[in-house]
Amino acid sequence: MTPAELEEQPLLLDVRNLTIRLNSAAGLVHAVEDVSFVLREGQTLGIVGESGSGKSVMARSLLNLLPRRSVAQRQGSVVLSGREISALSERDLQKLRGAQVAMIFQDPMTALNPVLTICVQVSEPLQQHLGLSKPAARQRAIELLDAVGIPDAASRVDQYPHQLSGGMRQRVVIAIALACDPALLIADEPTTALDVTVQKQILDLLSRLQTQRRMGMLLITHDLGVVASRADYIAVMYAGRLVELAPATTLFSAMRHPYTEALFNSIPRITDPAHTRLQAIPGRPPQLHNPAPGCAFAPRCQYAQQRCHRETPPVVPSEPSVSSVVPVGQTQHVHACFFPVTRPITGGAN
Amino acid sequence: MPAKKAPKIESRAQNFARALQQVFGRGFGPGFWLAVFWLLIVAFCAMFADWLPLRDPVDPVIANRLNGPLSGSLLGADGLGRDIFSRLVHGARVSVVIGLTAVSIGMIVGGALGIIAGYFRGHFERALMAVLDVILAFPWLVLLLALVAFIGQSLFAISVAIGFLWIPAYARVARANTLSVVQREYVLAAKAMGASTSRILVREVLPNVIFPLLAYGLVAMGLVIIVESALAFLGLSVEAPQPTWGGMISEGKRHLATAVHVALIPSITMFLTVLSLNFVGDRLRSHFDVKESNL
């Protein structure tokens, strides 16, 4: 689909000013701060950030999956297919989960129950959401396993998770997630635990299935390379905040936030001569409890000035022609920085 | 089009068998099988005591009084001239029935409470744990005597009383295992796929908690048998004419100076049974642990 076509798809997910604070022994953790984005049907939004930048908490909160007692504050709205998530009862949420929104987790080694067969685990949502009978669900489970590229699915279906390899297990996890044809797929670091070769297979599989089924996808990762070619939009998160959001092509050609630039520069390039030092981002990611005022990235930022340590930069559009208010359903380039990078990026493209 | 090689299709049963083999595949050693063999004998005796060609266990033949082993009957006779072998076989019934019932009660009630506490946490967990700590802190024999005095001396009443004592231990084991299972990603994954709380408890948590509980069950059964015999020794187990191992030891203690075998034979029987239960239970438990770490 061309970008113009994508713009015309109906809204699937509308997250606005989402703020989540979690209880912890050390105090209130500002896990997600004022995050807004939209996702349309058939689009892929890649969410990139370091470990602990609030990606997973944000993803889980979209389905109200965070343990209730650990959530201290939750503000903002999450509207999924026109329904406000926080207003739904637990029972309605259960109908929504799996049927309309499915989730893939990071580690396929632990995402499958070791004591149940693959068949049982794949047919569970089929029986629950689609009301299929046991034999029908089994048949459908075999078809699904076939669709995610598991060879000899009819015999694999009765095996236990420990009899499958990591890549196979992730395929099973994907089959479970796709069982009820969800409109939105949240993939929380789906390839982090896998080998690079298997990573590519799994990502290709996800892209293919997404196009076939016209799902919206939220692809969460800490690897810019993973989202570069597969996402329509890329959001960069740092310390719970969205620091830059842009169409994938725009982001790489005209990144504005110093953190995005630093992330991009830290990717090792195959064209670099041997023994080139890897460019690391100096310093450490900030602690998320009781954050200091100012931009969270300022202590590590080479462009930081006085103002960055005092005030938190708001999210503003990157093209000066557009009005300064972030419009509803924004999909243009936005960033949160007082002194955005404007120089053209040097170095080989990814 | 070249002929496609037919994929090797394993039946569900074959697959299950293979999974079992992977769990139990490594040898248990002869000791384990010896223990299993002994337990099977005990179980067989308990089940078929009434139909075996044995002397009446409660029929006193004064002429045989305190006869030693292999003098007329296999294991001799006790102080009232009753056949010890026959009494052992019939006594196995009491031990096995009380062992099974008490452990089942402890496992079902304690297991359910522990799983619920471990899953929901919060006030219920704290209250339950406090109550269980109180029960655990209470001297168990005193508590047991009080319970037996209160609900009577029938086989069922004693099973319930001993089972009650096992609730705290089981609740703790179940809670601890639940706490670790709930942290696993597949529970969150099930929730993310729309599973209800009861479904998560039954389909995701229970199958993972039940194996440690069952393995612990065998060890617990050994202890239950000892507890029952302690009661019998004090004359508070099942009413008199019915033979029990503990009761036989208790009666035998009067003849320790003249006829050791009267007390010694039931003691050895009980010792072997409890040892076998511990041995088998321990081996099974470690095998399940190994299985979990392999996954």
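So, let's start where the two chains meet: in this predicted model, 22 residues of chain B are in contact with 29 residues of chain A. Which helices of chain B supply at least two residues each to that side? They are α1 (12-24), α7 (185-192) and α8 (197-233) of chain B. Of the elements on the side of chain B that touches chain A, α7(B) gives the most, with six residues. And if you sort that side of chain B by class, you get 10 nonpolar, five polar and seven charged residues.

Okay, let's stay with chain B for a moment. Of the 295 residues of chain B, 38% count as buried. Now look at contacts in chain B with a separation of 6 or more: residues 24 or more positions apart account for 72% of them.

Here's a helix pair in chain B that you can find on the screen. Helix α3 (residues 84-120) of chain B packs with α8(B) at an angle of about 140°, and their axes are 8 Å apart. Is the crossing left-handed or right-handed? For α3(B) and α8(B), the crossing is right-handed. On the α3(B) side, the residues that meet α8(B) include B:Ser95, B:Gly99, B:Ala102 and B:Tyr119. On the α8(B) side, B:Leu201, B:Val209, B:Gly217 and B:Glu228 are among them. By class, the residues of this contact of α3(B) with α8(B) divide into 15 nonpolar, five polar and one charged.

Right, over to chain A, and here we do get strands. Four of them form an open sheet, in the order β2-β1-β4-β5 of chain A, and the pairing is antiparallel. The edge strands are β2 (29-40) and β5 (83-84) of chain A, and each of those pairs on one side only. Helix α2 (residues 55-62) of chain A packs on this sheet, where it touches β1, β2 and β4 of chain A. The direction of α2(A) makes about 60° with that of β2(A).

Inside the sheet, how many bridges join β1 (residues 11-22) to β4 (residues 71-80) of chain A? There are eight, and the two strands run antiparallel. To pick out one pair, A:Ile20 has A:Arg74 in β4(A) as its bridge partner. A quick reminder for anyone new to this: strands of a sheet pair through backbone hydrogen bonds, either parallel or antiparallel.

Chain A has parallel pairing too, and β9 (233-238) of chain A is where to look. β9(A) pairs with β3(A) in the parallel sense over four bridges, and there A:Gly46 has A:Ile234 as its bridge partner. β9(A) also pairs with β10(A), this time in the antiparallel sense over six bridges. In that pairing, A:Ala235 stands opposite A:Leu245 in β10(A). The hairpin of β9(A) and β10(A) has two residues between the strands, and A:Ala239 takes a positive phi near 50° there.

Why call β9(A) largely enclosed by the rest of the structure? Because six of its six residues are buried. Both faces are covered: A:Tyr233, A:Ala235 and A:Met237 are buried on one side, and A:Ile234, A:Val236 and A:Tyr238 on the other.

Helix α11 (residues 258-265) of chain A has six of its eight residues buried, so it is largely enclosed by the rest of the structure. Among the buried ones are A:Pro258, A:Tyr259 and A:Leu263. The buried residues of α11(A) pack against β3 (44-48), α9 (224-228), β9, β10 (241-247) and α10 (248-253) of chain A.

Last up is helix α7 (residues 166-178) of chain A. This helix has 13 residues and reaches 18 Å from its first C-alpha to its last, close to the 18 Å expected. Of those 13 residues, 12 are buried, so α7(A) is largely enclosed by the rest of the structure. The buried residues include A:Gly167, A:Arg169, A:Arg171 and A:Leu178. What do the buried residues of α7(A) pack against? The list is β6 (101-104), α4 (118-129), α5 (134-147), β7 (184-188) and α8 (196-213) of chain A.

Methods
Residues are numbered from 1 along each chain as its sequence is written. Chains are lettered from A and ligands numbered from 1 in the order in which they are written. This is a predicted model: local features need pLDDT of at least 70, side-chain atom pairs count only at pLDDT 80 or more; totals for chains, interfaces and linings use all residues. Two strands pair if DSSP finds at least two bridges between them. Two residues are in contact if their C-beta atoms, placed from the backbone, lie within 7 Å. Axes are lines fitted to C-alpha atoms, for helices over the stretch in contact, and angles run from 0 to 180 degrees between N-to-C directions. Ala, Val, Leu, Ile, Met, Phe, Trp, Tyr, Cys and Pro count as nonpolar, Asp, Glu, Lys and Arg as charged, and the others, Gly among them, as polar. The expected span of a helix is 1.5 Å times one less than its number of residues. A residue is buried if 20 or more other C-beta atoms lie within 10 Å of its own, exposed if 12 or fewer, and partly exposed in between; C-beta atoms are placed from the backbone. A crossing is left-handed if the near helix is turned anticlockwise from the far one by less than a right angle, and right-handed if clockwise.
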